[in-house]
Amino acid sequence: MEAINIQSLFSTASQFVIPSYQRAYSWGTNQREQFIEDLRDAVDRYYLGHFLFEKADGSDSVCLIDGQQRLTTIVIFFSCMQKELERRSVSGDDIEMTAKRLHHTYIRDSFTKKRRFKTVDYDDAFFLNEIIDRSTFVPEEELTSSSQKRIRHCREYFEKVFEGEEVSTLLKWTNLIEQASVTEFKVGSKIEAAQIFAFQNDRGKSLSHLEVLKSFFMLQIYLHEAQETQEDYILRLNKAFEDIYEAIVRISTNEDDVLRYFWMAYSTKGYFTEKPLEEIKGYFKNKSIEDLIGFVDKLARSYRQVEFIEKDKSFDMMNLKRLNNMALTLPLLIKAKVIANTTEQTYSRLIRLAENFTFRQAARGGRAAIESRLHGLLVNSWDDVSFNQQMNNFVDRMRWDYWNDNELRRVLSSGFIYGNRKVCTYLLWRYEQSLCPQDYPAPRLNWEDIVRKESLEHIAPQHPQDGKPLASGYGEYKNLEYPEEGIETGEWLHSIGNLLLMSQSQNSAVGNKDFISVKLPSYESETSMLRQQKEIRDFVDNPATPCWNKSAIERRRNHIIEQALKMWNIDKI
(Lines give C-alpha, C1' and ligand atoms only; values in the text may rest on other atoms or scores of the structure.)
Protein backbone atom coordinates (compact mmCIF):
# COMPACT_ATOMS: atom_id res chain seq x y z
CA MET A 1 0.00 0.00 0.00
CA GLU A 2 1.41 3.36 -1.03
CA ALA A 3 0.50 6.93 0.02
CA ILE A 4 0.58 9.31 -2.95
CA ASN A 5 -1.49 12.21 -4.31
CA ILE A 6 -4.04 12.40 -7.11
CA GLN A 7 -1.59 13.91 -9.59
CA SER A 8 0.85 11.07 -8.99
CA LEU A 9 -1.92 8.50 -9.15
CA PHE A 10 -2.83 9.57 -12.68
CA SER A 11 0.78 9.21 -13.75
CA THR A 12 0.82 5.52 -12.79
CA ALA A 13 -1.53 4.35 -15.55
CA SER A 14 -2.51 5.44 -19.03
CA GLN A 15 -6.18 4.81 -18.35
CA PHE A 16 -8.50 4.00 -15.45
CA VAL A 17 -11.37 1.67 -16.31
CA ILE A 18 -14.54 0.96 -14.33
CA PRO A 19 -15.38 -2.72 -15.00
CA SER A 20 -18.92 -3.50 -16.12
CA TYR A 21 -19.76 -5.45 -12.97
CA GLN A 22 -19.29 -2.28 -10.89
CA ARG A 23 -22.32 -0.15 -10.05
CA ALA A 24 -22.99 3.01 -12.05
CA TYR A 25 -22.36 6.54 -10.80
CA SER A 26 -24.46 7.09 -7.68
CA TRP A 27 -23.34 10.36 -6.09
CA GLY A 28 -26.23 12.75 -5.62
CA THR A 29 -26.83 16.23 -4.23
CA ASN A 30 -25.56 15.53 -0.71
CA GLN A 31 -22.27 13.98 -1.79
CA ARG A 32 -21.33 16.60 -4.39
CA GLU A 33 -22.27 19.48 -2.09
CA GLN A 34 -20.19 17.94 0.68
CA PHE A 35 -17.30 17.60 -1.79
CA ILE A 36 -17.33 21.37 -2.41
CA GLU A 37 -17.83 22.17 1.28
CA ASP A 38 -14.75 20.11 2.10
CA LEU A 39 -12.76 22.18 -0.39
CA ARG A 40 -14.04 25.43 1.11
CA ASP A 41 -13.05 24.28 4.60
CA ALA A 42 -9.65 22.88 3.63
CA VAL A 43 -6.63 25.07 4.36
CA ASP A 44 -3.70 23.36 2.68
CA ARG A 45 -4.45 19.62 2.83
CA TYR A 46 -7.18 17.37 1.52
CA TYR A 47 -7.63 13.62 1.83
CA LEU A 48 -9.52 11.50 -0.70
CA GLY A 49 -9.20 8.07 0.91
CA HIS A 50 -8.24 4.69 -0.40
CA PHE A 51 -8.35 3.27 -3.93
CA LEU A 52 -8.13 -0.40 -4.87
CA PHE A 53 -7.04 -1.37 -8.37
CA GLU A 54 -6.66 -4.56 -10.34
CA LYS A 55 -3.76 -4.42 -12.80
CA ALA A 56 -3.30 -7.20 -15.28
CA ASP A 57 0.23 -8.12 -16.35
CA GLY A 58 1.41 -6.39 -19.53
CA SER A 59 -1.29 -3.69 -19.49
CA ASP A 60 -0.81 0.01 -18.75
CA SER A 61 -4.53 0.36 -17.90
CA VAL A 62 -5.98 -0.50 -14.51
CA CYS A 63 -9.46 -1.52 -13.34
CA LEU A 64 -10.85 0.34 -10.37
CA ILE A 65 -12.31 -2.01 -7.75
CA ASP A 66 -12.94 0.43 -4.92
CA GLY A 67 -13.23 4.23 -5.10
CA GLN A 68 -14.96 4.66 -8.42
CA GLN A 69 -17.51 7.21 -7.14
CA ARG A 70 -14.72 9.50 -5.93
CA LEU A 71 -12.54 9.03 -9.03
CA THR A 72 -15.50 9.64 -11.37
CA THR A 73 -16.29 12.84 -9.47
CA ILE A 74 -12.66 13.97 -9.69
CA VAL A 75 -12.67 13.56 -13.48
CA ILE A 76 -15.94 15.53 -13.73
CA PHE A 77 -14.41 18.15 -11.42
CA PHE A 78 -11.32 18.61 -13.60
CA SER A 79 -13.37 18.64 -16.82
CA CYS A 80 -15.49 21.50 -15.44
CA MET A 81 -12.44 23.26 -14.00
CA GLN A 82 -10.65 23.11 -17.36
CA LYS A 83 -13.66 24.63 -19.10
CA GLU A 84 -13.99 27.45 -16.55
CA LEU A 85 -10.26 28.31 -16.59
CA GLU A 86 -10.28 28.37 -20.39
CA ARG A 87 -13.19 30.81 -20.29
CA ARG A 88 -11.24 33.18 -18.06
CA SER A 89 -7.81 32.80 -19.65
CA VAL A 90 -5.92 34.92 -22.16
CA SER A 91 -3.93 33.17 -24.86
CA GLY A 92 -0.57 32.09 -23.50
CA ASP A 93 -1.14 33.06 -19.89
CA ASP A 94 -0.65 30.79 -16.87
CA ILE A 95 -4.36 30.11 -16.52
CA GLU A 96 -4.54 28.76 -20.07
CA MET A 97 -1.48 26.59 -19.43
CA THR A 98 -3.11 25.19 -16.29
CA ALA A 99 -6.27 24.37 -18.23
CA LYS A 100 -4.27 22.53 -20.90
CA ARG A 101 -2.33 20.60 -18.24
CA LEU A 102 -5.56 19.52 -16.55
CA HIS A 103 -6.90 18.27 -19.87
CA HIS A 104 -3.73 16.29 -20.62
CA THR A 105 -3.38 14.82 -17.12
CA TYR A 106 -7.00 13.93 -16.26
CA ILE A 107 -9.11 14.04 -19.42
CA ARG A 108 -7.25 12.99 -22.59
CA ASP A 109 -3.54 12.48 -23.27
CA SER A 110 -2.43 15.28 -25.63
CA PHE A 111 0.04 13.01 -27.45
CA THR A 112 -1.60 9.60 -27.70
CA LYS A 113 -5.17 11.02 -27.67
CA LYS A 114 -6.11 8.24 -25.27
CA ARG A 115 -8.66 9.28 -22.72
CA ARG A 116 -7.70 8.83 -19.11
CA PHE A 117 -10.97 7.42 -17.76
CA LYS A 118 -13.69 5.00 -18.88
CA THR A 119 -16.84 4.39 -16.87
CA VAL A 120 -19.13 1.35 -16.98
CA ASP A 121 -20.02 0.26 -20.50
CA TYR A 122 -23.69 1.24 -20.42
CA ASP A 123 -22.86 4.86 -19.50
CA ASP A 124 -19.49 5.22 -21.20
CA ALA A 125 -20.65 6.67 -24.53
CA PHE A 126 -22.60 9.32 -22.63
CA PHE A 127 -19.65 10.05 -20.33
CA LEU A 128 -17.35 10.41 -23.34
CA ASN A 129 -19.73 12.88 -24.95
CA GLU A 130 -20.75 14.79 -21.79
CA ILE A 131 -17.51 14.98 -19.79
CA ILE A 132 -14.49 14.00 -21.89
CA ASP A 133 -15.22 15.62 -25.26
CA ARG A 134 -18.16 17.88 -24.33
CA SER A 135 -19.63 17.42 -27.79
CA THR A 136 -23.29 16.93 -28.77
CA PHE A 137 -25.79 17.84 -26.06
CA VAL A 138 -28.42 15.17 -25.35
CA PRO A 139 -31.72 16.47 -23.88
CA GLU A 140 -32.34 15.18 -20.37
CA GLU A 141 -35.55 13.39 -21.36
CA GLU A 142 -33.48 11.28 -23.77
CA LEU A 143 -30.97 10.10 -21.16
CA THR A 144 -31.28 6.36 -20.73
CA SER A 145 -30.33 5.90 -17.07
CA SER A 146 -30.53 7.63 -13.71
CA SER A 147 -26.73 7.46 -13.45
CA GLN A 148 -26.41 9.51 -16.64
CA LYS A 149 -28.66 12.14 -15.06
CA ARG A 150 -26.48 12.15 -11.92
CA ILE A 151 -23.36 12.63 -14.05
CA ARG A 152 -25.01 15.58 -15.80
CA HIS A 153 -26.28 17.10 -12.55
CA CYS A 154 -22.79 16.84 -11.05
CA ARG A 155 -21.32 18.61 -14.08
CA GLU A 156 -23.97 21.33 -13.95
CA TYR A 157 -23.45 21.80 -10.22
CA PHE A 158 -19.67 22.17 -10.53
CA GLU A 159 -20.05 24.59 -13.45
CA LYS A 160 -22.49 26.75 -11.50
CA VAL A 161 -20.23 26.80 -8.43
CA PHE A 162 -17.10 27.60 -10.45
CA GLU A 163 -18.80 30.50 -12.24
CA GLY A 164 -19.27 32.30 -8.92
CA GLU A 165 -15.72 31.94 -7.61
CA GLU A 166 -12.58 34.03 -8.06
CA VAL A 167 -9.77 32.60 -10.17
CA SER A 168 -7.58 32.42 -7.09
CA THR A 169 -10.16 30.16 -5.40
CA LEU A 170 -10.42 27.92 -8.45
CA LEU A 171 -6.64 27.53 -8.61
CA LYS A 172 -6.55 26.79 -4.89
CA TRP A 173 -9.18 24.07 -5.27
CA THR A 174 -7.34 22.64 -8.26
CA ASN A 175 -4.16 22.40 -6.24
CA LEU A 176 -5.97 20.87 -3.25
CA ILE A 177 -7.40 18.07 -5.38
CA GLU A 178 -4.19 17.44 -7.30
CA GLN A 179 -2.18 17.26 -4.09
CA ALA A 180 -4.91 15.41 -2.16
CA SER A 181 -3.50 12.45 -0.26
CA VAL A 182 -4.70 9.01 -1.29
CA THR A 183 -3.61 5.48 -0.64
CA GLU A 184 -3.62 2.95 -3.43
CA PHE A 185 -3.35 -0.78 -3.49
CA LYS A 186 -2.89 -2.70 -6.71
CA VAL A 187 -3.57 -6.40 -6.97
CA GLY A 188 -3.02 -8.79 -9.82
CA SER A 189 -6.33 -10.66 -9.74
CA LYS A 190 -10.00 -10.33 -8.94
CA ILE A 191 -9.51 -12.90 -6.19
CA GLU A 192 -7.22 -10.66 -4.19
CA ALA A 193 -9.46 -7.69 -4.86
CA ALA A 194 -12.47 -9.59 -3.54
CA GLN A 195 -10.75 -10.45 -0.29
CA ILE A 196 -9.63 -6.88 0.35
CA PHE A 197 -12.88 -5.24 -0.72
CA ALA A 198 -14.87 -7.47 1.63
CA PHE A 199 -13.32 -5.64 4.58
CA GLN A 200 -13.51 -2.13 3.13
CA ASN A 201 -15.99 0.75 3.48
CA ASP A 202 -16.63 3.42 0.88
CA ARG A 203 -15.81 6.93 2.14
CA GLY A 204 -18.17 8.91 -0.05
CA LYS A 205 -21.38 6.91 0.26
CA SER A 206 -22.32 4.01 2.51
CA LEU A 207 -22.35 0.63 0.85
CA SER A 208 -25.78 -0.72 0.03
CA HIS A 209 -26.81 -4.16 1.26
CA LEU A 210 -26.40 -5.35 -2.32
CA GLU A 211 -22.76 -4.21 -2.44
CA VAL A 212 -22.01 -5.77 0.95
CA LEU A 213 -23.56 -9.01 -0.27
CA LYS A 214 -21.49 -8.93 -3.42
CA SER A 215 -18.25 -8.63 -1.46
CA PHE A 216 -19.41 -11.38 0.92
CA PHE A 217 -20.08 -13.73 -2.01
CA MET A 218 -16.70 -12.96 -3.58
CA LEU A 219 -15.02 -13.72 -0.28
CA GLN A 220 -16.88 -17.05 0.02
CA ILE A 221 -15.54 -18.05 -3.38
CA TYR A 222 -12.04 -17.08 -2.32
CA LEU A 223 -12.24 -18.93 1.01
CA HIS A 224 -14.09 -22.09 0.05
CA GLU A 225 -13.49 -22.85 -3.62
CA ALA A 226 -10.48 -24.63 -5.10
CA GLN A 227 -7.93 -22.24 -6.58
CA GLU A 228 -8.28 -23.81 -10.04
CA THR A 229 -11.96 -22.84 -10.29
CA GLN A 230 -12.01 -19.60 -8.32
CA GLU A 231 -11.50 -17.36 -11.33
CA ASP A 232 -14.37 -18.99 -13.25
CA TYR A 233 -16.77 -18.48 -10.35
CA ILE A 234 -15.67 -14.86 -9.93
CA LEU A 235 -16.35 -14.26 -13.63
CA ARG A 236 -19.83 -15.75 -13.30
CA LEU A 237 -20.51 -13.66 -10.20
CA ASN A 238 -19.31 -10.50 -11.92
CA LYS A 239 -21.47 -11.18 -14.98
CA ALA A 240 -24.55 -11.50 -12.79
CA PHE A 241 -23.75 -8.26 -10.99
CA GLU A 242 -23.09 -6.54 -14.30
CA ASP A 243 -26.68 -7.43 -15.25
CA ILE A 244 -27.90 -6.23 -11.85
CA TYR A 245 -26.17 -2.87 -12.09
CA GLU A 246 -27.45 -2.34 -15.62
CA ALA A 247 -31.00 -2.89 -14.38
CA ILE A 248 -30.55 -0.71 -11.27
CA VAL A 249 -29.94 2.44 -13.28
CA ARG A 250 -33.19 1.88 -15.19
CA ILE A 251 -35.56 1.19 -12.29
CA SER A 252 -37.07 3.47 -9.66
CA THR A 253 -37.41 0.78 -6.97
CA ASN A 254 -34.60 0.96 -4.43
CA GLU A 255 -31.92 -1.68 -5.08
CA ASP A 256 -31.98 -2.96 -1.50
CA ASP A 257 -35.77 -3.23 -1.61
CA VAL A 258 -35.48 -5.49 -4.66
CA LEU A 259 -32.96 -7.59 -2.75
CA ARG A 260 -35.44 -7.85 0.13
CA TYR A 261 -38.35 -8.79 -2.15
CA PHE A 262 -36.26 -11.48 -3.83
CA TRP A 263 -35.17 -12.97 -0.50
CA MET A 264 -38.79 -12.99 0.64
CA ALA A 265 -39.64 -14.96 -2.50
CA TYR A 266 -36.60 -17.25 -2.42
CA SER A 267 -36.57 -18.21 1.26
CA THR A 268 -39.10 -19.70 3.64
CA LYS A 269 -39.05 -16.45 5.63
CA GLY A 270 -41.51 -14.88 3.21
CA TYR A 271 -43.30 -11.83 4.56
CA PHE A 272 -41.71 -12.42 7.96
CA THR A 273 -38.27 -11.43 6.65
CA GLU A 274 -36.67 -8.99 9.09
CA LYS A 275 -32.96 -8.60 8.24
CA PRO A 276 -32.42 -9.92 4.72
CA LEU A 277 -28.67 -9.28 4.57
CA GLU A 278 -27.93 -11.19 7.77
CA GLU A 279 -30.39 -13.92 6.82
CA ILE A 280 -28.79 -14.41 3.39
CA LYS A 281 -25.29 -14.51 4.87
CA GLY A 282 -26.37 -17.11 7.40
CA TYR A 283 -28.07 -19.21 4.73
CA PHE A 284 -24.98 -19.40 2.51
CA LYS A 285 -22.47 -20.27 5.19
CA ASN A 286 -23.43 -23.91 4.70
CA LYS A 287 -24.20 -23.92 0.97
CA SER A 288 -22.04 -24.76 -2.02
CA ILE A 289 -20.54 -22.14 -4.31
CA GLU A 290 -22.71 -23.50 -7.12
CA ASP A 291 -25.78 -22.81 -4.96
CA LEU A 292 -24.45 -19.31 -4.39
CA ILE A 293 -24.03 -18.65 -8.11
CA GLY A 294 -27.51 -20.01 -8.81
CA PHE A 295 -28.89 -17.61 -6.21
CA VAL A 296 -27.11 -14.63 -7.78
CA ASP A 297 -28.29 -15.57 -11.27
CA LYS A 298 -31.90 -15.55 -10.03
CA LEU A 299 -31.23 -12.32 -8.15
CA ALA A 300 -30.13 -10.71 -11.43
CA ARG A 301 -33.31 -11.97 -13.10
CA SER A 302 -35.30 -10.35 -10.28
CA TYR A 303 -33.88 -6.91 -11.06
CA ARG A 304 -34.71 -7.40 -14.73
CA GLN A 305 -38.22 -8.53 -13.74
CA VAL A 306 -38.75 -5.40 -11.64
CA GLU A 307 -37.64 -3.35 -14.64
CA PHE A 308 -40.19 -5.19 -16.79
CA ILE A 309 -42.94 -4.60 -14.20
CA GLU A 310 -42.17 -0.88 -14.00
CA LYS A 311 -42.44 -0.60 -17.79
CA ASP A 312 -45.56 -2.77 -18.09
CA LYS A 313 -48.45 -0.63 -19.39
CA SER A 314 -51.08 -3.38 -19.55
CA PHE A 315 -54.55 -2.62 -18.15
CA ASP A 316 -54.37 -4.89 -15.10
CA MET A 317 -50.78 -4.02 -14.19
CA MET A 318 -51.38 -0.29 -14.47
CA ASN A 319 -54.37 -0.56 -12.14
CA LEU A 320 -52.34 -2.59 -9.66
CA LYS A 321 -49.55 0.01 -9.67
CA ARG A 322 -52.08 2.83 -9.20
CA LEU A 323 -52.95 1.39 -5.81
CA ASN A 324 -49.42 2.40 -4.79
CA ASN A 325 -48.60 -0.62 -2.66
CA MET A 326 -46.29 -2.66 -4.87
CA ALA A 327 -44.17 -3.63 -1.86
CA LEU A 328 -46.97 -6.05 -1.03
CA THR A 329 -47.06 -7.61 -4.50
CA LEU A 330 -43.50 -7.55 -5.86
CA PRO A 331 -42.35 -10.59 -3.83
CA LEU A 332 -45.22 -12.59 -5.38
CA LEU A 333 -44.53 -11.37 -8.91
CA ILE A 334 -40.82 -12.15 -8.53
CA LYS A 335 -41.64 -15.59 -7.14
CA ALA A 336 -43.97 -16.31 -10.06
CA LYS A 337 -41.61 -15.33 -12.90
CA VAL A 338 -38.11 -15.85 -11.51
CA ILE A 339 -38.45 -18.88 -9.26
CA ALA A 340 -41.68 -20.69 -10.23
CA ASN A 341 -41.43 -19.90 -13.98
CA THR A 342 -45.22 -19.69 -14.29
CA THR A 343 -47.08 -19.39 -17.55
CA GLU A 344 -48.31 -16.00 -18.74
CA GLN A 345 -51.86 -17.11 -17.92
CA THR A 346 -50.93 -17.84 -14.30
CA TYR A 347 -48.90 -14.63 -14.04
CA SER A 348 -51.83 -12.57 -15.37
CA ARG A 349 -54.14 -14.27 -12.91
CA LEU A 350 -51.78 -13.35 -10.07
CA ILE A 351 -51.83 -9.69 -11.15
CA ARG A 352 -55.64 -9.65 -11.09
CA LEU A 353 -55.67 -11.34 -7.70
CA ALA A 354 -53.11 -8.87 -6.35
CA GLU A 355 -55.14 -5.87 -7.57
CA ASN A 356 -58.25 -7.35 -5.98
CA PHE A 357 -56.85 -8.04 -2.53
CA THR A 358 -54.80 -4.82 -2.53
CA PHE A 359 -57.93 -2.76 -3.14
CA ARG A 360 -59.91 -4.65 -0.51
CA GLN A 361 -57.09 -4.25 1.99
CA ALA A 362 -56.77 -0.53 1.19
CA ALA A 363 -60.52 -0.07 1.67
CA ARG A 364 -60.62 -1.87 5.00
CA GLY A 365 -57.08 -1.38 6.35
CA GLY A 366 -54.94 -3.78 8.35
CA ARG A 367 -51.54 -4.21 6.66
CA ALA A 368 -50.12 -6.67 9.19
CA ALA A 369 -53.14 -8.94 8.76
CA ILE A 370 -52.83 -9.10 4.98
CA GLU A 371 -49.13 -9.97 5.07
CA SER A 372 -49.78 -12.90 7.39
CA ARG A 373 -52.53 -14.09 5.03
CA LEU A 374 -50.30 -13.74 1.96
CA HIS A 375 -47.41 -15.60 3.58
CA GLY A 376 -48.73 -19.07 2.69
CA LEU A 377 -49.31 -18.07 -0.94
CA LEU A 378 -45.74 -16.80 -1.18
CA VAL A 379 -43.78 -19.58 0.50
CA ASN A 380 -45.82 -22.57 -0.76
CA SER A 381 -45.82 -21.73 -4.49
CA TRP A 382 -42.85 -23.22 -6.36
CA ASP A 383 -44.15 -24.01 -9.85
CA ASP A 384 -47.12 -23.30 -12.08
CA VAL A 385 -49.32 -26.01 -10.57
CA SER A 386 -48.67 -25.09 -6.93
CA PHE A 387 -49.09 -21.38 -7.70
CA ASN A 388 -52.57 -21.95 -9.11
CA GLN A 389 -53.49 -24.26 -6.23
CA GLN A 390 -52.34 -21.69 -3.66
CA MET A 391 -54.26 -18.95 -5.48
CA ASN A 392 -57.36 -21.15 -5.43
CA ASN A 393 -56.94 -21.59 -1.68
CA PHE A 394 -56.44 -17.86 -1.22
CA VAL A 395 -59.54 -17.00 -3.28
CA ASP A 396 -61.61 -19.44 -1.23
CA ARG A 397 -60.41 -17.74 1.92
CA MET A 398 -61.33 -14.33 0.51
CA ARG A 399 -64.98 -15.44 0.41
CA TRP A 400 -65.22 -15.50 4.20
CA ASP A 401 -62.19 -13.63 5.52
CA TYR A 402 -62.25 -10.07 6.84
CA TRP A 403 -62.22 -8.56 3.35
CA ASN A 404 -65.15 -10.57 1.94
CA ASP A 405 -67.89 -9.06 -0.25
CA ASN A 406 -70.18 -8.21 2.65
CA GLU A 407 -67.34 -6.38 4.38
CA LEU A 408 -66.42 -4.55 1.17
CA ARG A 409 -70.05 -3.50 0.76
CA ARG A 410 -70.16 -2.28 4.36
CA VAL A 411 -66.96 -0.24 4.00
CA LEU A 412 -68.01 1.35 0.71
CA SER A 413 -71.46 2.14 2.12
CA SER A 414 -70.06 4.02 5.08
CA GLY A 415 -70.33 7.77 5.23
CA PHE A 416 -66.72 7.79 6.42
CA ILE A 417 -65.34 6.47 3.10
CA TYR A 418 -64.29 10.01 2.14
CA GLY A 419 -61.64 9.85 4.86
CA ASN A 420 -59.82 7.29 2.69
CA ARG A 421 -59.18 9.56 -0.29
CA LYS A 422 -56.95 7.05 -2.06
CA VAL A 423 -59.69 4.42 -2.07
CA CYS A 424 -62.37 6.92 -3.16
CA THR A 425 -60.28 8.18 -6.04
CA TYR A 426 -59.27 4.72 -7.19
CA LEU A 427 -62.82 3.33 -6.90
CA LEU A 428 -64.23 6.16 -9.01
CA TRP A 429 -61.41 5.71 -11.51
CA ARG A 430 -62.22 2.02 -11.91
CA TYR A 431 -65.89 2.92 -12.12
CA GLU A 432 -65.05 5.34 -14.95
CA GLN A 433 -63.17 2.57 -16.74
CA SER A 434 -66.26 0.36 -16.51
CA LEU A 435 -68.33 3.05 -18.25
CA CYS A 436 -66.00 3.23 -21.25
CA PRO A 437 -66.97 1.01 -24.22
CA GLN A 438 -64.42 -1.42 -25.64
CA ASP A 439 -63.82 0.74 -28.71
CA TYR A 440 -63.04 3.72 -26.42
CA PRO A 441 -61.15 2.07 -23.55
CA ALA A 442 -59.63 5.04 -21.77
CA PRO A 443 -61.16 8.04 -19.98
CA ARG A 444 -60.27 11.38 -21.53
CA LEU A 445 -58.91 12.61 -18.20
CA ASN A 446 -55.82 10.63 -17.26
CA TRP A 447 -55.03 9.12 -13.88
CA GLU A 448 -51.95 11.24 -13.27
CA ASP A 449 -53.97 14.48 -13.56
CA ILE A 450 -56.58 13.18 -11.16
CA VAL A 451 -54.07 12.11 -8.51
CA ARG A 452 -51.87 15.19 -8.88
CA LYS A 453 -54.76 17.64 -8.60
CA GLU A 454 -56.90 15.90 -5.94
CA SER A 455 -59.99 16.18 -8.15
CA LEU A 456 -62.79 14.81 -5.97
CA GLU A 457 -65.98 16.85 -6.28
CA HIS A 458 -68.85 16.87 -3.78
CA ILE A 459 -71.99 17.04 -5.90
CA ALA A 460 -74.03 18.31 -2.95
CA PRO A 461 -71.45 20.83 -1.68
CA GLN A 462 -70.01 20.76 1.80
CA HIS A 463 -70.87 24.45 2.15
CA PRO A 464 -73.92 25.55 0.08
CA GLN A 465 -73.38 28.93 -1.48
CA ASP A 466 -76.33 30.76 0.05
CA GLY A 467 -77.08 28.50 2.98
CA LYS A 468 -80.35 27.42 1.30
CA PRO A 469 -79.67 24.05 -0.32
CA LEU A 470 -83.29 23.50 -1.43
CA ALA A 471 -83.30 26.75 -3.39
CA SER A 472 -80.05 25.69 -5.08
CA GLY A 473 -81.31 22.35 -6.35
CA TYR A 474 -80.26 20.20 -3.42
CA GLY A 475 -82.25 18.19 -0.91
CA GLU A 476 -82.43 19.19 2.72
CA TYR A 477 -79.13 19.04 4.58
CA LYS A 478 -80.50 18.77 8.13
CA ASN A 479 -83.55 16.84 9.18
CA LEU A 480 -83.80 16.68 12.97
CA GLU A 481 -87.02 14.66 12.98
CA TYR A 482 -85.77 12.03 10.53
CA PRO A 483 -81.94 12.47 10.52
CA GLU A 484 -81.40 9.71 7.96
CA GLU A 485 -83.26 11.78 5.36
CA GLY A 486 -80.91 14.78 5.64
CA ILE A 487 -77.80 14.97 3.47
CA GLU A 488 -75.72 16.17 6.39
CA THR A 489 -77.56 14.61 9.34
CA GLY A 490 -77.75 11.26 7.53
CA GLU A 491 -74.01 11.31 6.74
CA TRP A 492 -74.67 11.31 2.98
CA LEU A 493 -72.43 14.29 2.29
CA HIS A 494 -69.23 12.22 2.11
CA SER A 495 -70.89 9.11 0.68
CA ILE A 496 -69.31 7.63 -2.44
CA GLY A 497 -72.64 8.41 -4.13
CA ASN A 498 -72.01 12.14 -3.63
CA LEU A 499 -68.41 12.09 -4.89
CA LEU A 500 -67.37 12.65 -8.47
CA LEU A 501 -64.10 12.72 -10.38
CA MET A 502 -63.38 15.85 -12.42
CA SER A 503 -60.59 18.10 -13.60
CA GLN A 504 -59.22 20.75 -11.27
CA SER A 505 -60.38 23.59 -13.51
CA GLN A 506 -63.93 22.23 -13.72
CA ASN A 507 -64.02 21.68 -9.96
CA SER A 508 -63.01 25.28 -9.35
CA ALA A 509 -65.61 26.55 -11.81
CA VAL A 510 -68.64 24.76 -10.35
CA GLY A 511 -67.57 24.78 -6.68
CA ASN A 512 -70.58 25.04 -4.40
CA LYS A 513 -72.89 26.64 -6.94
CA ASP A 514 -76.47 25.89 -7.98
CA PHE A 515 -77.08 22.27 -9.02
CA ILE A 516 -79.72 22.85 -11.70
CA SER A 517 -78.33 25.91 -13.49
CA VAL A 518 -74.56 25.43 -12.99
CA LYS A 519 -73.41 21.99 -11.93
CA LEU A 520 -75.64 19.71 -13.95
CA PRO A 521 -75.10 21.63 -17.24
CA SER A 522 -71.36 21.48 -16.57
CA TYR A 523 -71.53 17.71 -16.08
CA GLU A 524 -73.55 17.24 -19.26
CA SER A 525 -71.61 19.62 -21.52
CA GLU A 526 -69.62 18.45 -24.52
CA THR A 527 -66.41 19.50 -22.78
CA SER A 528 -67.08 17.22 -19.80
CA MET A 529 -64.22 14.73 -19.78
CA LEU A 530 -65.64 11.83 -17.75
CA ARG A 531 -68.65 9.63 -18.40
CA GLN A 532 -69.63 9.42 -14.72
CA GLN A 533 -70.49 13.11 -14.87
CA LYS A 534 -72.86 12.69 -17.82
CA GLU A 535 -75.01 10.08 -16.01
CA ILE A 536 -75.77 12.15 -12.88
CA ARG A 537 -79.28 13.07 -14.11
CA ASP A 538 -80.09 9.32 -14.25
CA PHE A 539 -80.00 9.09 -10.45
CA VAL A 540 -82.40 11.91 -9.49
CA ASP A 541 -86.08 11.27 -8.63
CA ASN A 542 -87.43 13.21 -11.59
CA PRO A 543 -85.02 13.94 -14.51
CA ALA A 544 -87.34 16.70 -15.76
CA THR A 545 -87.04 18.63 -12.48
CA PRO A 546 -83.76 17.36 -11.07
CA CYS A 547 -82.94 17.73 -7.39
CA TRP A 548 -79.80 16.26 -5.85
CA ASN A 549 -81.08 14.91 -2.56
CA LYS A 550 -80.51 12.01 -0.19
CA SER A 551 -82.43 9.61 -2.47
CA ALA A 552 -80.26 10.48 -5.50
CA ILE A 553 -77.07 10.06 -3.48
CA GLU A 554 -78.26 6.73 -2.07
CA ARG A 555 -79.31 5.51 -5.50
CA ARG A 556 -75.93 6.38 -7.03
CA ARG A 557 -74.04 4.95 -4.04
CA ASN A 558 -75.81 1.60 -4.36
CA HIS A 559 -75.17 1.54 -8.10
CA ILE A 560 -71.44 2.23 -7.71
CA ILE A 561 -71.14 -0.42 -4.97
CA GLU A 562 -72.84 -3.02 -7.18
CA GLN A 563 -70.42 -2.14 -9.97
CA ALA A 564 -67.53 -2.43 -7.52
CA LEU A 565 -68.62 -5.94 -6.53
CA LYS A 566 -68.64 -6.84 -10.23
CA MET A 567 -65.23 -5.28 -10.88
CA TRP A 568 -63.70 -7.04 -7.88
CA ASN A 569 -65.64 -10.25 -8.38
CA ILE A 570 -63.74 -13.05 -6.65
CA ASP A 571 -65.21 -15.64 -9.02
CA LYS A 572 -63.45 -14.00 -12.00
CA ILE A 573 -59.93 -14.32 -10.59
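Predicted model: local features only at pLDDT ≥ 70, side-chain atom pairs only at ≥ 80, totals over all residues.

Reader: Which residues touch the most other members of the largest nonpolar core?

Author: A nonpolar core is a set of buried Ala, Val, Leu, Ile, Met, Phe, Trp, Tyr and Cys residues joined through side-chain atoms within 4.5 Å. Buried means under 20% relative accessible area, exposed over 50%, and partly exposed in between (1.4 Å probe, protein chains only). The largest core has 123 residues, and the members that touch the most others are Ile6 and Phe357.

Reader: Why are the buried residues of helix α23 on the same side?

Author: Helix α23 covers residues 515-524, and its buried residues are Phe515, Lys519, Leu520, Ser522 and Tyr523. The arc is taken from the directions from the helix axis to the C-beta atoms. These residues lie on the same side of α23 because they cover an arc of only 155 degrees.

Reader: How many disulfides are there?

Author: A disulfide is a pair of cysteine sulfur atoms within 2.5 Å. Take Cys436, which is buried at a relative accessible area of 11%. Its closest cysteine sulfur is in Cys424, 20 Å away, so the pair is too far apart for a bond. By this rule, the count of disulfides is zero.

Reader: Which strand is joined to β3 by seven bridges?

Author: Start with β3 (residues 47-54): seven of its eight residues are buried, so the rest of the structure largely encloses this strand. Two strands pair if DSSP finds at least two bridges between them. Three bridges join β3 to β4 (residues 61-66), and these two run antiparallel. Seven bridges join β3, in parallel, to the strand at residues 181-187, β6.

Reader: Which residue of β4 is the bridge partner of Glu54?

Author: On the β6 side, Phe51 stands opposite Glu184. On the β4 side, the partner of Glu54 is Cys63.

Reader: Is Ile131 buried or exposed?

Author: Ile131 belongs to helix α5 (residues 121-132). Contact means heavy atoms within 4.5 Å. Leaving out residues up to four places away in sequence, Ile131 touches Val75, Ile76, Ser79, Phe126, Ile151 and Arg155. Its relative accessibility is 0%, so Ile131 counts as buried.

Reader: What is the separation of the C-alpha atoms of Ile131 and Val75?

Author: Along the chain, these two residues are 56 residues apart. In the model, their C-alpha atoms are separated by 8.1 Å.

Reader: Which residue has the backbone oxygen that the side chain of Gln22 reaches?

Author: Gln22 sits in the loop between β2 (15-17) and α2 (29-41). Its relative accessibility is 7%, so Gln22 counts as buried. Beyond four places in sequence, the residues that Gln22 touches include Leu64, Asp66 and Tyr245. At 2.5 Å, the side chain of Gln22 reaches the backbone oxygen of Ile65.

Conventions
Residues numbered from 1 in each chain as written. Heavy atoms only, no water. Helix = DSSP H or I, 4+ residues; strand = E, 2+ residues; numbered from the N terminus. Polar contact = N/O pair within 3.5 Å; in protein donor to acceptor, adjacent residues only side chain to side chain.
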